[in-house]
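Trainee: I would like to go through this protein with you. Can we look at it together, one question at a time?

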Amino acid sequence: MMNSKTCSVPPPAPRGHAWSTLLAASAIWICGAAGAADGIPRMPDGHPDLTGTWDNGSGIDFVQPKRLGDSVCVRGCEPQAAAAPASAPAASPPLPSRPKYKPEFAAKVADLSARQVQTDPVLRCFSPGVPRIGPPDKIVQRANEIVFLYDDVSGNFFRIVPTDGRPHRKDVEDTSLGDAVAHWEGDTLVVESISFNDETWLTDDGAFHTKNLRVVERIKRTKDTLEWTATAYDPKVLAEPWTMNTRIAHLTDQEIAEAAPCLERDIDHIVDGSHHTNPR
């Protein structure tokens with residue numbers, strides 16, 4: 001019996017073999033049946049179908065202001081004196097890990113973080129870049145490519161990721177989201193991106209990178225949830241590869257929409273550099 005986690009279409013029989021069509025059709029039927037058994041929809045080739053809109057808590061969803069006397073707390077607020085009802089939302093998630101830099105770059109990261117409101121590219125309507133942008137908000141999967149769609153703080157973004165084994169392109173300029181290709185390792189989609197510019201950060205807290213950045217994302221579907229992890233490699237500045245906290249996204253029928261124009265209007269009115277504790 002075929003294991004649903006390793007379901008795949010066997011190679012075609014030699015040309016002219018009477019069984020080739022029957023074998024291919026049987027393999028597709030078995031894969032479909034296995035997909036139904038484990039709750040994961042699958043493509044005709046047996047790979048998980050990641051298509052869908054995914055609620056991953058991106059953008060500013062982490063901001064849940066609470067009034068505390070004369071103040072407004074944005075995140076990590078102290079619990080109220082009165083006991084919260086059982087249906088109250090869970091406490092804010094723990095802060096993510098941060099990349100470990102070589103000693104000679106620690107001061108630069110600290111300076112960028114302290115001056116985030118003056119230096120953060122996202123606050124000037126630029127793309128968050130990868131991996132800071134996080135898991136996709138919507139995925140459209142086809143036989144040889146996957147399209148990632150994003151609805152982020154600074155606008156809508158997209159990535160077209162080939163899955164047919166082609167190498168990275170050599171005819172593209174460096175960009176914020178890089179050039180991506182992907183392959184499957186069992187039921188996990190592995191996306192490798194290179195050709196980045198150096199105009200984005202790895203996190204919200206001044207974690208800069210160079211044009212040598214390479215990012216590997218791993219995406220796995222389990223029924224109606226999506227597990228996303230990403231590891232950044234930039235040996236020129238990072239002391240070691242850095243893996244972000246795993247993000248979990250949930251299938252939703254809440255469709256994404258065109259973002260409002262991102263217009264920076266506040267930088268010239270900054271009073272000081274204070275800012276909230278950043279979650280990503």
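Mentor: Start with a definition: a charge sits over a ring if NZ of Lys or CZ of Arg is within 6 Å of the ring centre and within 35 degrees of the ring normal. This is a predicted model, where local features need pLDDT of at least 70, side-chain atom pairs count only at pLDDT 80 or more, and totals for chains, interfaces and linings use all residues. Residues are numbered from 1 along each chain as its sequence is written, and side-chain values use heavy atoms, with hydrogens and water left out.

Trainee: Which residue lies over the face of phenylalanine 208?

Mentor: Look 4.0 Å from the centre of the phenylalanine 208 ring. The residue placed there, over the ring face, is lysine 108.

Trainee: How many aromatic pairs are there?

Mentor: Rings of Phe, Tyr and Trp (its six-membered ring) pair if their centres lie within 6.5 Å; planes under 30 degrees apart count as stacked, over 60 as edge-to-face and the rest as tilted. Tyrosine 101 and phenylalanine 208 are stacked, with 5.3 Å between centres and 25° between planes. By this rule, the count of aromatic pairs is 2.

Trainee: What is the pair of phenylalanine 105 and phenylalanine 208 called?

Mentor: The ring centres of phenylalanine 105 and phenylalanine 208 are 6.0 Å apart. Their planes stand at 65°, so the pair is edge-to-face.

Trainee: How many residues apart in sequence are the parts that tyrosine 101 and phenylalanine 208 tie together?

Mentor: Helices (H or I, at least four residues) and strands (E, at least two) are DSSP runs, numbered from the N terminus. Tyrosine 101 lies in the loop between β3 (71-73) and α2 (106-114). Phenylalanine 208 lies in the loop between β8 (188-194) and β9 (214-222), so the separation is 107 residues.

Trainee: Which residue forms a salt bridge with arginine 98?

Mentor: A salt bridge is a side-chain nitrogen of Lys or Arg within 4 Å of a carboxyl oxygen of Asp or Glu. Arginine 98 is partly exposed at 30% relative accessible area. Its side chain meets the partner at 2.6 Å, N to O, and that partner is aspartate 205.

Trainee: In which strand does glutamate 217 lie, given its salt bridge with arginine 159?

Mentor: The closest N and O atoms of glutamate 217 and arginine 159 are 2.8 Å apart. Both residues are buried. Arginine 159 is in strand β6, and glutamate 217 is in strand β9.

Trainee: Which side chain is joined to histidine 168 by a polar contact of 2.9 Å?

Mentor: A polar contact is a pair of N or O atoms within 3.5 Å; within protein, one must be able to donate a hydrogen and the other to accept it, and residues adjacent in sequence count only if both atoms are side-chain atoms. Histidine 168 is buried, with a relative accessible area of 16%. At 3.0 Å, its side chain has a polar contact with aspartate 179. At 2.9 Å, the partner is glutamate 192.

Trainee: How many salt bridges does a search of the whole structure find?

Mentor: One network of salt bridges links Asp38, Arg42 and Asp187. Another salt bridge joins aspartate 171 and arginine 169 at 2.9 Å, N to O. For the whole structure, the search finds 14.

Terms used: Buried < 20%, exposed > 50% of the residue type's maximum accessible area, 1.4 Å probe, protein only.
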